[in-house]
Amino acid sequence: MPPLQRRVLLGGALGLVGAGAATAALLSRGGDRGVITALPDEAEPWAGSGPLDFAALRDRARALLTGGVTDTADTDYGRPMRVLDRESFEDWEAMDRSEGRTALWADIGPVSEPLAFTNSYVRLRRLALACATPGTDLFEGPVAATAIVDALDLLYRSGYNEHAEPSGNWYWWEIGAPAALMQTCVLMHDHIPAEHLGHYLAVVDRFCPNADDRVSSPGERETGANRADKAAILALRGLVGEDFAKLDLARDGLSDIAEDGANSLFRLVDEGDGFHRDGSYIQHGHVPSTGSYGLALLNSVTLALALLQDSVWQVTDPELEGLYDAVDRSFTPFTEDGLFMDCLRGRAIARPTQRDSHTGPEITAALLALAEFAPAAHRDRWRSLARGWIERSSVPHFERMDLRGIRQAKELLADASVGAAPRPELTRIYPNMARLLVRRPGWSWALSMSSRRVAGYEMVGGENLQGWYIGDGMSYLYTVDDPLQFGDEFWPTANPYRLPGVTVDSRKREVVGVGHDMVLHLPENDVAGGATLDDRYAAAAMDLVAEGSSLRAKKAWFVVGDVVCALGAGVSAADGRAVWTTVEHRNRHEDGDRRMAVDGAFPDEDTDLKTSIEGASWVHLPGAAGYVFPAGSTGLHAGRETRRGAWNDIEQGPTTGGGDTEVHTRRYSTLWYDHGVSPVDVSYAYVLLPTATAAETAVWAAHPTVAIAANTTAVQAVEADGLIAAHFWQAGEVGGLACDGPASVIVTRSDDGIAVAVADPGRTAAEVVIELPYAASEVVETDETVTVETGDKARLTVRTEGSLGATHTARLR
């Protein structure tokens, strides 16, 4: 799996470059998928005065990589320019340029080693970028250019060539090295001798011959981000080598012409890798990773589209609309005012140089780049969203973007015709990645679940070494006033056994995933998902089957407007160890106030503390939320602690050179239920009131608007004025609502009528039958999967088979 940080500098089409009638004619001959299988003998491949001007295309590619024309005196470009200047100068100073050398940089070893030559290509690419970017100290420096050319030759002769036998990680050979090599060749094309260039094309042809095949695993087909990376490599290789066939392969690889679109990057899927119809993005078969592999795919596809734009290889696949839809379904909902939520960043959460505050601006840049050649409706919406993210961002957007992204963002902000889109209000379940997302004007909340279909965690290459519980019901609360909750050293300093929302066995876990073999945990449970209604309500559930433990629990969450209710039932274990459920584990940052008000009493001191608050009815954590606990709750504890940790504790792979060893200190406020040693059939419950004040929390606790209707291993449910929301683990009844088997159900009744939402998150039933506690005489509308029998107690039959955990709705009067 890729150990290197996936980051491709983005760009969009830079305008027409000689396109005209002949190009249009050629494009029209590609069939219904817009594919040109061969160029007519009598046609010029480029609509201009002569043959295709590859030099012009390479100039455009170079502009895409460097950011194009920028004002080097503009301070907004300052940080990325300074970073490029500093890092390239450090590379230059440390580079071994002596005769007889076996390594280019002492800290990454001899170039005969696969990881060493891959990382050497990455550094050479950075040097080449500095040489090609106006305003840097190395810009157009002849000495540096000569050194880069000589270094490329050394890497070819001593490490990466078409005669070498691969060892180590396949990614180094097939994506990491060729991507950096081809980008360097684009940037330094005019300096590289033709003979040398031929060698580099030959090695890429061996290890990345097309976007379809995994060379190291014959018969394995590339999907998702890996396919996108290879398509971008092929586009660059075609431009460097002036090879029509390679450009054909780049274009066709995006659409997977070889297998009639089976692995097309534009086709929405229902299973496996890629963008799913429900908005999920999956990589490695089971891992939700929109903000890591999904972003890598978007970056590489956008680069490939831009490289091929306005040429005979321009992508005209009608399914390209699927990519645009995926942006709206998969990326924009989880972009939190310039951040991208960690619940969808996979093992990338362990990378100190790739935080949520880095991923957010990168997604902004990706959308602005893609918008340059997207249809107007998408372009206008994305630009409006991007403006809102930038203007509300909690981090300096321009300091986290590349030069091209900054230029596009500045152009956007200067365009008075584009208004800023407001924060969204939505409540959505993503069944195929077992995520629940709630967005409100002042806060956002996300939930990560897992099942035999969706991985609880992924570890490989020394990354995410303590991520054992991130998929076991971890919740993420972001507030407008505290947006950096997870981006401010949370992952190296948080207690991995006390992640918010998670029920755990206290057994000491072993660190795994240090080597190249992937560790991917798929728990044994079926249920992980739920139903949503009207973007205001949700019922979600997860049947917890703990890894390496006898711990079992039925966990459910209900969203009612601005209230989140969490229930647990049947919490049981028989291993002789303590079990607990964490309500909150809040990062109070380096010097924040950890004090919590308990039933109105606010402590004077902020010392370390670990104490029972048995019998407390509510707790308030300033700047975060109110927490309400039903009468009879037992085992409730509160703690204040100062925690220390280094990124190296959770990331020891080559992505960051072994991880940052600097020890960071953060202060935490924690609430948890201690269920005792080997608990038997224990339950818990708490209500989360995001951004509520202490006074509002006290009022809500005294006069709750949501009540727990059931919390057993048979049914978990809440009631509110005109609402019943339940997860049935088996056939049962609550509040007059009956269900004949496992399902998540939401029912609301108002003057407008009755609304019903039903889902089978376990995907075990062919149909679900619901009997309502209300009379209905008229069917207003239903999904095709719902059949209604009106009467004194309306009855609904919902065909859930094959619906992949999706929500089915009906409206009655």
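Begin with the lining of the second largest pocket, which by class has 6 nonpolar, 5 polar and 7 charged residues, where Ala, Val, Leu, Ile, Met, Phe, Trp, Tyr, Cys and Pro count as nonpolar, Asp, Glu, Lys and Arg as charged, and the others, Gly among them, as polar. The model is predicted, with local features needing pLDDT of at least 70 and side-chain atom pairs counting only at pLDDT 80 or more, while totals for chains, interfaces and linings use all residues. Residues are numbered from 1 along each chain as its sequence is written, and side-chain values use heavy atoms, with hydrogens and water left out.

To find this pocket, select Asp 278, Arg 428, Ile 429, Pro 431 and Thr 532, which lie nearest its centre among the 18 residues that line the second largest pocket. A pocket here is an open set of points on a 1 Å grid over the protein atoms alone, where a 1.4 Å probe fits, with protein on both sides within 12 Å along at least five of seven lines, and lining residues have an atom within 4 Å of a point. The elements that give two or more residues to this lining are β6 and β13 (528–533), strands being DSSP runs of E with at least two residues and helices runs of H or I with at least four, numbered from the N terminus. The largest share of the lining, 4 residues, comes from β6.

Next, select Thr 427, which lies in strand β6 (residues 426–430). Is Thr 427 buried or exposed? Thr 427 counts as buried because its relative accessibility is 1%, and buried means under 20% relative accessible area, with exposed over 50% and partly exposed in between (1.4 Å probe, protein chains only). Show its side chain together with that of Arg 440, as a polar contact of 3.0 Å joins the two; a polar contact is a pair of N or O atoms within 3.5 Å, and within protein one must be able to donate a hydrogen and the other to accept it, while residues adjacent in sequence count only if both atoms are side-chain atoms.

Now move to helix α14 (residues 403–413), where 8 of the 11 residues are buried, among them Leu 403, Ile 406 and Leu 412. At its N-terminal end, select Asp 402, which caps α14 with a side-chain oxygen 3.2 Å from the backbone nitrogen of Arg 404.
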